[in-house]
Amino acid sequence: MNLANEEEIKTEETAEEAAETEAETETDKLKKELATQKDQFLRLAAEYDNYRKRTEKEKLSTYENATAATVEAFLPVADNFALAMASNVDISDDFRKGLGMIQKQLDNAFEKLNVQSFGERGEKFDPELHNAISRTDDKELEDDCISLVYQKGYKIGDKIIRHAMVQITNS
């Protein structure tokens, strides 16, 4: 009887050890599966975040491009108003005042669209913003400065709508 009890106890201990080993194996398996699922979730979350940022950037870019194309169509009008205002033709003060009001409205519209003009006499020449058409000697200005503006440049943020056409001083 003793021997049978001992064998029965050993069998029960072996069965318990086998059950514990099986439970540990199952736990390890579940931990690995959980780690895999967590990794997949984190990757998916990162992909979604990148997608959201990319579409937001594309949306802003589309708006800027559409605004730039529209503004570009109005630039000849802005140029002609600037020429009319700068001309020394004999016109009545009321007519000049009316032109000035229209010019102001056009400038306000550009301001609302965040359109900035650039290319003024005395500015430092920047090949990213300006197209140099000619060079001249000008004692009043430093070298490589704008001495004459043929056509103003315009930009929205960092996007150049039109480069300024300018004359610069000799270096």
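Which residue forms a salt bridge with Asp138, and how far apart are the closest N and O atoms? The partner is Arg121, and the closest N and O atoms are 3.2 Å apart. Before the close-ups, a word on the model: this is a predicted one, where local features need pLDDT of at least 70, side-chain atom pairs count only at pLDDT 80 or more, and totals for chains, interfaces and linings use all residues. Residues are numbered from 1 along each chain as its sequence is written, and side-chain values use heavy atoms, with hydrogens and water left out.

View 1. A salt bridge here is a side-chain nitrogen of Lys or Arg within 4 Å of a carboxyl oxygen of Asp or Glu. The Arg121–Asp138 pair links distant parts of the chain, 17 residues apart: Arg121 sits in the loop between E1 and E2, and Asp138 in the loop between E2 and E3. Those labels come from DSSP runs, numbered from the N terminus: helices (H or I) have at least four residues and strands (E) at least two. Arg121 is partly exposed, with a relative accessible area of 44%. On that scale, buried means under 20% relative accessible area, exposed means over 50%, and partly exposed is in between (1.4 Å probe, protein chains only).

**View 2. Glu120 meets Lys152.** The closest N and O atoms of this salt bridge are 3.1 Å apart. Glu120 lies in the loop between E1 and strand E2 (130-136) and Lys152 in the loop between E3 and E4, so the pair ties together parts that are 32 residues apart in sequence. Glu120 is partly exposed at 36% relative accessibility, and Lys152 is partly exposed too, at 31%. If you'd like the whole tally, a search of the whole structure finds 8 salt bridges. Elsewhere, Asp49, Arg52 and Lys53 are linked in a network of salt bridges.

**View 3. Asp144 has a charged partner and a positive phi.** Asp144 forms a salt bridge with Arg135, with 3.4 Å between the closest N and O atoms. Look for Asp144 in the loop between E2 and E3. Its phi is positive, about 60°, although Asp144 is not a glycine. Most residues other than glycine have a negative phi. Asp144 counts as partly exposed at 25% relative accessibility, and Arg135 is partly exposed at 44%.

**View 4. Asn114 also takes a positive phi.** Its phi is near 60°, and Asn114 is a residue other than glycine. Asn114 is found in the loop between H2 and E1. At 55% relative accessibility, Asn114 counts as exposed.

**View 5. Three strands make an open sheet in the order E1-E4-E5.** The pairing is antiparallel, and two strands count as paired if DSSP finds at least two bridges between them. Strands E1 (115-118) and E5 (159-162) stand at the edges with a single partner strand each, so one side of each is left without a neighbour in the sheet. The twist averages 35° from one strand to the next; angles run from 0 to 180 degrees between N-to-C directions, with axes fitted as lines to C-alpha atoms. E1 is joined to strand E4 (residues 153-156) by 4 bridges, and Phe118 stands opposite Gly153 in E4. Another 3 bridges join E4 to E5, where Ile156 has Lys159 as its bridge partner. The hairpin of E4 and E5 has 2 residues between the strands, and Gly157 in it takes a positive phi near 60°.

**View 6. A second open sheet runs E2-E6-E3.** E3 and strand E6 (residues 164-169) run antiparallel and are joined by 4 bridges; Gln151 has Met165 in E6 as its bridge partner.
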